[in-house]
Amino acid sequence: MSNSPKYFDPSTLSKLQSLSLRAQHVVEGYVAGSHRSPSHGFSIEFAEHREYAPGDDLRYVDWKVFGRTDKFYLKQFEDETNLICHLVFDVSESMRYQGPDAPWTKFDHAATAAASLAWLIMQQQDAVGLATFDEEIRQFIRPSSNPSHMQQLLHTMEVADPQKKTSTGRVLHELADRFGRRGIVIIFSDLFDDLEDLLLGIKHLRHRRHDVIVAHTLDAAELDFPFRRPTLFKGMESLPELLTDPRSLRQAYLKHFNKFLQTIESRCRKLRVDYVRVRNDEPLDVTLSTFLAKRMSRIS
Amino acid sequence: MPVTTTTLFAAGVFGSIGMLAWGAAAVVPLVLHLWNRHKHKEAPWAAMEFLLAAVQEQARRMRLEQLLLLLLRMAIPIVLALALADPLWQMLPSIGSSLGSRVPHHHLFVFDVSYSMGYQVDGKSRFEQAKQIAREIVEKSPQGDGFTIVTLASPSQIVVSSPAFSPDDIRAEIAGLELHDNIAELGTALELTKQTLNRVKSEYPRLAKHRVYFLTDLGETTWHAATQSKAKAQIGEIESDADIVMIDVGQSTVTNSGISSVRRTPPVITPTTNVNWQVTVNNFAGSADGNREVELIVDGKLAAKESLTLSSGTPASVAFQYRFDTGGSHTVDFHLSDDALAVDNHYYESIVVRDELQILCVEGKTGSARNVALALAPNTSSNVLVRTLPDHRLGETLLQDFDAVFLCNVGRFTAQSSTQLKEYLALGRGVVMFLGDLAATENYNELLFDEAPQQSTLPARLLGTSPDGNYQLAPRDYRHPIVQPFRGQERAGLLTTPVFRYTRLAVPEQSRSNVALEFSNGDPAIVEHTPFLKNSGGRFTLVAIAPSEQSVSRDAGSLKPWTAWSAWPSFPPLVQEMLSFSIAGQDTERNRMVGDPISGILPAASGSQFVLLTQPNGTNRRISVQEGRGGSPVWQHSETPTSGIYTVKVPDNSTTENFAVNLSDTQESELTRVPLNELPSQFQQNSIATGGGTGDTDIQIASTPLFRLVLGLLLLLMLTESFVAWYLGNARS
């Protein structure tokens with residue numbers, strides 16, 4: 001993450017132009033553009049006027065223009081938003097892992113994906129917030145759709161230094177309390193934590209009627225365990241070392257790991273939480289396309 | 001005593017102990033295992049809790065798998081070293097037998113090559129059948145077995161002393177075996193068998209089991225000796241080291257007849273001589289054969305044919321007469337029409353027809369040999385040519401140019417002249433020595449006499465002269481060939497020969513000397529023997545009476561002759577008989593028995609380095625020519641295992657000499673067999689009687705040597721290791 005423009009790879013973003021992120025549920029916000037909202041929206045910045053037509057709401061008639069021109073014009077507001085997206089980002093030490101065949105760390109991959117999503121959301125005039133965490137919440141940026149907000153988000157991700165252990169469940173509880181309005185919560189994490197605490201945290205978010213997406217970020221080596229020669233595995237997040245012949249352990253490891261993945265996926269399904277697995281060795285556009293396609297299918 | 005490593009080695013459990021050192025390579029997998037554990041790569045790992053959970057679940061299994069793989073890898077070099085060390089079942093026979101395995105065997109074939117093994121049934125001889133059986137044993141034996149060969153013959157021989165491990169080699173040796181036309185000596189063969197076993201035991205410990213096969217027809221002439229105590233002891237010693245297998249290729253019912261003897265007259269043959277033969281044929285075995293034909297084949301051409309009728313147990317004779325047209329060397333083959341045993345249906349003779357006889361007379365004083373020469377060649381038409389020399393020229397004369405030498409009252413001999421005589425006699429030539437007043441007794445005894453009969457040139461020791469007197473000759477019943485013609489011829493004057501003094505002779509005890517004529521007081525008058533070699537043919541005749549009246553004694557101033565024999569009627573015929581007797585030795589030299597050596601002397605100027613010997617089977621051999629004791633070039637060939645005509649040719653020379661070799665003993669022709677149950681029990685435990693069949697011996701030759709089993713185990717270990725490594729590594733990961 002030494003260079004922020006890498007999150008905006010044009011080739012990646014051009015492919016995302018045809019997709020739109022739609023909320024599955026009706027959330028609080030303004031009805032504008034393609035988003036349906038139970039409350040009327042309001043403008044943040046004036047964009048233009050249009051001539052009154054029968055049936056228009058008289059509350060948006062610009063009386064000052066009527067006084068000068070003796071004609072009825074309605075005020076049109078630019079970038080109306082009615083969606084709030086919270087990016088919840090795991091910056092614990094395990095996210096710093098990069099396997100032998102991976103192009104970058106899980107953190108790099110997740111941050112790139114998050115930046116891309118933030119940019120896309122803000123392109124639609126929606127608000128994006130960010131929370132980074134490990135054992136506790138490290139940074140919390142309230143949602144905003146202001147273009148200048150994007151730089152703050154990027155900077156926050158750039159300066160993050162994954163060093164600590166994680167405590168995802170407790171953090172999610174705290175975030176559920178802090179998020180004011182209903183919105184979309186996207187969690188980027190490898191979820192290497194106490195599974196029950198984690199799921200309780202997600203459940204808390206769902207209780208607050210947030211639409212939760214789990215972007216389970218994993219390294220290719222964690223999924224395939226390709227090691228062959230005797231290896232001293234140095235545990236991250238204060239876990240112990242282990243010298244072993246990986247070939248003799250592969251089956252057992254994959255059994256445990258796949259069981260972990262299946263458990264998360266099935267529990268997310270029960271909580272009506274979208275679960276997206278993100279591999280750090282796959283192209284970023286594939287990750288985002290898969291992610292957004294899944295969201296679209298649920299909306300439709 | 002507990003079995004330690006040392007005792008295992010000492011007992012010869014391994015054929016190549018040094019190869020066990022390769023077993024140290026077993027530490028290599030262990031070192032690699034430890035090194036691999038030390039040499040690992042490091043990697044950070046995020047999903048540690050899942051890896052720890054896997055380890056917790058798999059830890060015991062992983063340790064066992066790694067231990068199994070390590071043990072397999074360590075076992076491979078150990079088993080390889082065991083295989084290279086050539087393990088033997090010697091200390092572990094029960095394990096070996098339970099695995100159906102066997103130690104490498106040493107097979108010792110004792111081939112009976114006596115001539116009765118030539119007996120044929122359906123066109124196949126016993127000997128060929130024995131060879132076939134031996135070949136089958138070789139073919140059935142697994143790789144690693146060794147083979148040696150001893151012949152049961154006279155003399156027996158070790159043909160292959162160090163084990164041959166190549167079946168092709170041993171088959172070639174078996175194919176090269178030939179029958180000896182002789183009887184066999186069991187004792188020597190057993191001794192050689194024991195020697196071979198001992199040698200193989202000490203030099204080839206990996207051949208831990210020994211088996212001795214006697215391939216024989218159980219002929220009585222060979223096997224009657226098996227019941228004697230010495231042979232029993234030898235057989236017991238062989239049995240203690242080896243399994244004995246008796247393979248009997250003989251038949252119980254046989255018929256055989258053959259020529260048992262041939263008598264010829266006269267001994268000396270010239271182109272004018274009518275030669276007479278009487279051929280005796282015996283029906284040796286089985287029922288009477290009825291009419292048979294005997295052919296006289298001279299120089300390869302049929303000269304005459306006669307029929308005779310054989311009846312059981314009774315010999316039958318047939319007579320032939322023939323006159324040789326030309327002088328020189330001739331061969332005669334009497335051939336009885338063939339039966340199952342062909343070798344005794346022939347009798348061979350080598351005959352030298354002499355156009356003239358060359359005789360050398362050596363005299364001690366002038367005139368001593370005059371009467372002898374006159375007696376040898378009484379007229380000019382005689383075919384006897386006599387040359388007389390004084391005794392001092394003896395050393396410069398080539399004696400081999402003469403058919404016989406007459407020494408007449410020679411005074412002294414030198415070392416050179418005595419050697420000349422010995423070599424001359426060794427060639428089968430004849431010497432007649434007349435003593436007289438000049439003969440120096442001490443010089444004669446010193447240079448020509450030896451107490452050891454086989455070393456002595458003279459047949460008797462000289463004791464000095466007798467006192468004067470009137471001595472009478474006694475003919476000893478005319479038994480000796482020299483005096484035999486005088487039987488019934490009293491008028492020939494032998495018994496009235498006047499002898500007043502003579503040289504007294506003493507015949508050593510246990511000598512082979514024969515007294516042909518003696519004085520009435522018992523002193524020998526004529527003594528002869530065949531010196532040096534039993535069958536050399538050279539005959540030395542010593543005459544105690546002076547050859548002329550020139551030998552005199554001085555008595556009271558008067559000269560008194562020793563004898564008037566030279567003027568007596570008995571003198572010429574006696575000299576002629578002594579000549580015939582001496583020359584007959586040359587025929588003996590050319591007519592030998594199987595196993596006798598043959599030899600010859602070449603002209604001094606021949607310069608040939610070898611002579612070419614053609615054997616009865618048609619094969620040629622080069623025999624080197626060596627310098628004899630007298631400086632003459634001589635050749636000798638000691639191997640005459642088969643009967644027939646041996647022809648010697650001198651390169652660059654047209655000279656050809658023929659040697660006839662006949663059976664020495666026709667007792668083998670009787671084909672009498674020793675019943676197996678009369679042989680020592682060791683021969684009866686494993687016996688196979690083919691009875692003239694096809695020779696399917698059904699001899700159990702076990703299967704696989706131990707090193708092959710170990711190699712098989714090695715292969716299995718390597719495959720197992722590869723599979724386990726693949727399964728634990730690639731296949732399951």
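**Close-up views of a two-chain model**

**View 1. Ring pairs link Tyr97(A), Phe192(A), Phe225(A), Phe227(A), Phe233(A), Tyr253(A), Phe257(A), Phe260(A), Trp45(B) and Phe50(B) into a cluster.** Please keep in mind, here and in every view below, that this is a predicted model. The cluster takes in residues of chain A, Phe192(A) among them, as well as Trp45(B) and Phe50(B) of chain B. Across all chains, a search of the whole structure turns up 43 aromatic pairs.

**View 2. Here we look at Phe257(A) and Phe260(A), two members of that cluster.** Their ring centres are 5.9 Å apart and the planes meet at 50°, so this pair is classed as tilted. Both residues sit in helix α8 of chain A, and because they are three residues apart, about one helical turn separates them. Phe257(A) is buried, at 0% relative accessible area. Phe260(A) is buried too, with a relative accessibility of 8%.

**View 3. Over in chain B, Phe434(B) and Trp565(B) form a tilted aromatic pair.** The distance is 6.0 Å from centre to centre, with 55° between the planes. Phe434(B) belongs to strand β20 (residues 430-434), while Trp565(B) lies in the loop between β28 (558-561) and α13 (571-590), so the pair ties together parts of chain B that are 131 residues apart in sequence. Both Phe434(B) and Trp565(B) are buried.

**View 4. Asp248(B) and Arg673(B) meet through their side chains in a salt bridge.** The N to O distance is 2.8 Å. Asp248(B) is part of strand β9 (residues 243-248) and Arg673(B) is found in the loop between β36 (656-662) and α14 (682-685) of chain B, so this contact ties together parts that lie 425 residues apart in sequence. Asp248(B) is buried at 9% relative accessibility, whereas Arg673(B), at 24%, is partly exposed. Elsewhere, salt bridges with shared partners join Lys106(A), Asp190(A) and Glu222(A) into one network.

**View 5. Glu265(A) and Arg277(A) make a salt bridge in chain A.** Their side chains come to 3.4 Å, N to O. Glu265(A) is partly exposed, having a relative accessible area of 28%. Arg277(A) is likewise partly exposed, at 34%.

**View 6. Glu93(A) forms a salt bridge with Arg96(A).** The closest N and O atoms of this pair are 3.4 Å apart. Glu93(A) is buried, with 16% relative accessible area, and Arg96(A) is partly exposed, with 35%. Over all chains, the count of salt bridges comes to 35.

**View 7. The largest cavity of the structure is lined by residues of chain B, including Ser116(B) and Gly219(B).** Its volume is about 60 Å³. Glu220(B), Thr221(B), Gln667(B), Glu668(B), Glu670(B), Leu671(B) and Thr672(B) are also among the lining residues. By class, the lining has one nonpolar, five polar and three charged residues. The structure holds four cavities of 30 Å³ or more.

Technical notes
Residues are numbered from 1 along each chain as its sequence is written. Chains are lettered from A and ligands numbered from 1 in the order in which they are written. This is a predicted model: local features need pLDDT of at least 70, side-chain atom pairs count only at pLDDT 80 or more; totals for chains, interfaces and linings use all residues. Side-chain values use heavy atoms; hydrogens and water are left out. A salt bridge is a side-chain nitrogen of Lys or Arg within 4 Å of a carboxyl oxygen of Asp or Glu. Buried means under 20% relative accessible area, exposed over 50%, partly exposed in between (1.4 Å probe, protein chains only). Helices (H or I, at least four residues) and strands (E, at least two) are DSSP runs, numbered from the N terminus. On a 1 Å grid over the protein atoms alone, a cavity is a set of points where a 1.4 Å probe fits but cannot get out, and a pocket is an open set with protein on both sides within 12 Å along at least five of seven lines; lining residues have an atom within 4 Å of a point. Grid points are joined across faces, edges and corners, and a volume is the space filled by probe spheres set on the points. Ala, Val, Leu, Ile, Met, Phe, Trp, Tyr, Cys and Pro count as nonpolar, Asp, Glu, Lys and Arg as charged, and the others, Gly among them, as polar. Rings of Phe, Tyr and Trp (its six-membered ring) pair if their centres lie within 6.5 Å; planes under 30 degrees apart count as stacked, over 60 as edge-to-face and the rest as tilted.
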